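Here is a short briefing on one protein chain. Look at the model first, then read the points below beside it.

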Amino acid sequence: MTRLDEARAALRKTFGYDDFRPGQDEVIGAVLDGSDVFAVMPTGSGKSMTYQLPALVDDGLTVVISPLIALMHDQVQQMVGFGVEAATLNSTIAETASRETWRKIRSRDLRLLFVSPERLLMDGCMEALRSAGVQRLAVDEAHCVSQWGHDFRPEYREIARAREALGNVQTLALTATADAATRTDIAERLFPAGRGVRTFVHSFDRPNIRLTFAAKDNPTRQLERFLRNRRAESGIIYCSSRKRVEQLADTLKADGFNALPYHAGLDQGTRMRNQDTFLQEDGVVMTATVAFGMGINKPDVRFVCHADMPTNVEGYYQEIGRAGRDGLPADTLTLYGLDDMSLRRRQIDEKEVPDERRRVERRKLEAMISLCEGAACRRQSLLSYFGEASEPCGRCDLCRGGVSLIDGTVEAQKLLSAIVRTGQRFGAAYVCDVVHGKDSEQVRRNGHGQLKTFGVGADKPVAAWRAILRQLFAAGAVAENADGFGGLTMTEKGEAILFGREAIQVRPDPEPRKAEPRGRRT
Ligand code: ADP
Ligand code: ZN
């Protein structure tokens with residue numbers, strides 16, 4: 001029997017699973033060979049098993065570094081439930097429990113020890129572990145070591161040192177989310193130069209998940225339209241703020257949907273109750289911040305929506321990845337708007353972080369915006385972000401709707417001219433009103449009815465102008481001015497467009513909206 005066969009037998013006997021999931025066998029095989037391993041596998045693919053199973057098959061201790069205490073607890077409970085000797089050391093553990101854990105470490109009974117990097121670096125912890133004997137180190141959420149990743153944790157930088165202190169043990173690094181640059185960075189930071197690390201990148205493709213994006217128009221109504229024929233299904237709607245989570249849950253409830261809120265600001269009891277309801281009942285819509293979902297194991301989540309644009313592509317991928325883990329068709333809807341884009345840009349600008357970090361976050365935001373505004377197949381764009389080539393999926397909104405870009409230079413010039421002529425201090429809504437020629441109180445007060453650009457765009461509805469303006473913003477032709485009130489200014493690129501030195505492609509006008517049933521609250 002090979003060691004991999006042994007592992008497969010343990011998978012069946014201890015965990016009760018039929019066989020490996022795609023990708024697991026290769027990684028586990030390499031781990032059992034004693035190699036250093038770097039595995040990039042999507043969320044839900046069963047990464048944890050790649051250290052859990054080797055820890056069972058071998059006799060030694062595996063130290064698992066993980067950034068989140070809550071997840072460690074869950075993992076320990078799960079392992080103990082399967083009859084595997086596992087424990088965690090962290091600051092929230094009572095002294096007696098901790099003594100018991102150390103006893104098991106010294107008597108070599110423990111198989112898996114979960115620790116945070118901070119805990120590992122504390123007072124003599126590594127020395128004690130080394131003398132007890134550690135077989136290998138598993139680094140979960142390994143992207144935390146890289147500034148290029150989306151969740152950098154400075155403590156992760158100490159892991160290489162920790163590995164040395166533990167006796168240069170075999171190391172396994174795992175992550176679900178890493179683009180090519182981040183991947184190289186992780187490998188360089190975790191693995192000693194010259195000790196060949198075996199890297200496995202498992203496909204990120206989740207063909208059963210259908211991707212749909214839509215520009216925000218009336219988000220609540222767009223979401224309700226999406227939910228209407230899905231009443232028996234369970235799903236998650238991610239919102240960018242706690243307030244929005246609660247508002248949306250209230251509105252959906254008032255409109256007859258079975259919605260529950262979840263965010264870190266709710267008291268523990270409510271949170272647990274809502275989570276349990278979501279896990280146990282069908283047809284529950286969880287409106288939540290991104291705090292919801294980590295470590296949640298519900299295979300039949302049928303849809304995931306984003307009421308606001310996700311922060312970055314990694315986050316987006318992780319969040320939609322909570323749908324359709326059973327392999328059956330699942331749907332997504334991602335809403336995005338100019339408000340999200342400008343808010344995110346402002347947040348990044350205002351963050352007190354080194355410039356290097358700021359550049360990384362900007363780059364990630366731009367990638368997310370490109371995914372929203374893109375014209376190529378969503379799946380293709382998404383996979384290419386993770387370095388995978390693929391064919392058009394034929395099922396996403398763009399494959400089905402077949403957006404072809406058209407020249408929008410003249411429209412862009414109208415908007416840019418209105419921005420300049422109104423003094424580069426008004427927001428998107430106002431600028432579009434001026435171009436469309438809306439005779440509003442504010443327009444009259446500012447005397448903008450006399451402008452040459454007033455009403456040059458009367459042929460298009462205001463919504464169409466907003467869509468074009470959003471694309472100008474996404475393309476970097478307009479930016480927010482520094483006053484912080486959402487006023488727009490023209491950038492250098494915008495100037496090039498205004499004076500005809502550069503052209504810009506935009507999406508054609510969206511289709512006019514279908515009439516909505518009356519009497520619904522929005
Ligand atoms: P990831 O860390 O990649 O997001 P997990 O390691 O949390 O995923 O695994 C997700 C779920 O899949 C867990 O409940 C795990 O027990 C289960 N799982 C892992 N391997 C297998 C397998 N070979 N067959 C069936 N289920 C598995
Ligand atoms: Zn497609």
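Two strands pair if DSSP finds at least two bridges between them. Helices (H or I, at least four residues) and strands (E, at least two) are DSSP runs, numbered from the N terminus. By that count, the chain has 22 helices and 18 strands. This is a predicted model: local features need pLDDT of at least 70, side-chain atom pairs count only at pLDDT 80 or more, and totals for chains, interfaces and linings use all residues. Residues are numbered from 1 along each chain as its sequence is written, while chains are lettered from A and ligands numbered from 1 in the order in which they are written.

**The chain as a whole**

- A residue is buried if 20 or more other C-beta atoms lie within 10 Å of its own, exposed if 12 or fewer, and partly exposed in between; C-beta atoms are placed from the backbone.
- On that scale, 41% of the 522 residues of the chain count as buried.
- Two residues are in contact if their C-beta atoms, placed from the backbone, lie within 7 Å.
- Take the contacts in the chain with a separation of 6 or more: residues 24 or more positions apart account for 72% of them.

**A sheet of 7 strands**

- An open sheet is formed by 7 strands in the order S3-S4-S2-S5-S6-S1-S7, and the pairing is parallel.
- Strand S3 (86-89) and strand S7 (197-201) stand at the edges with a single partner strand each, so one side of each has no neighbour in the sheet.
- Neighbouring strands of this sheet are turned by 15 degrees against each other on average, direction ignored. Axes are lines fitted to C-alpha atoms, for helices over the stretch in contact, and angles run from 0 to 180 degrees between N-to-C directions.

- In strand S2 (residues 62-65), Thr 62 and Val 64 point one way. Val 63 and Ile 65 point the other way, and all are buried.
- S2 runs parallel to strand S4 (residues 112-115), joined by 4 bridges. The bridge partner of Val 63 in S4 is Leu 113.
- S2 also pairs with strand S5 (residues 136-139) in the parallel sense, over 4 bridges. Here the bridge partner of Val 63 is Leu 137.
- S5 in turn pairs with strand S6 (residues 170-175) in the parallel sense, over 4 bridges. Val 139 stands opposite Ala 173 in S6.

- How many of the 5 residues of strand S1 (residues 36-40) are buried? The count is 5 of the 5, so S1 is largely enclosed by the rest of the structure.
- Asp 36, Phe 38 and Val 40 point one way from S1, and Val 37 and Ala 39 the other way.
- S1 and S7 pair in the parallel sense over 5 bridges. Val 37 stands opposite Arg 198 in S7.
- S1 and S6 run parallel, joined by 4 bridges. Ala 39 has Leu 174 as its bridge partner in S6.

**Helix H21 and two helices that pack on it**

- Helix H19 (residues 428-436) and helix H21 (residues 462-474) pack at an angle of about 125 degrees, with their axes 9 Å apart.
- H19 and H21 are therefore oblique to each other. Angles under 35 degrees count as roughly parallel, over 145 as roughly antiparallel, 65 to 115 as roughly perpendicular and the rest as oblique.
- On the H19 side, the contact is made by Ala 428, Val 431, Cys 432, Asp 433, Val 435 and His 436. On the H21 side, Val 462, Trp 465, Arg 466 and Leu 469 take part.
- Helix H14 (residues 338-350) packs with H21 at an angle of about 25 degrees, with their axes 10 Å apart. That makes H14 roughly parallel to H21.
- Leu 338, Met 341 and Ser 342 in H14 meet Leu 469, Arg 470, Phe 473 and Ala 474 in H21.

**Glu 246**

- Glu 246 sits in helix H11 (residues 242-254).
- Glu 246 counts as partly exposed, because it has 16 C-beta neighbours inside 10 Å.
- The C-alpha atoms of Glu 246 and Leu 260 are separated by 8.4 Å, and the two residues are 14 residues apart along the chain.
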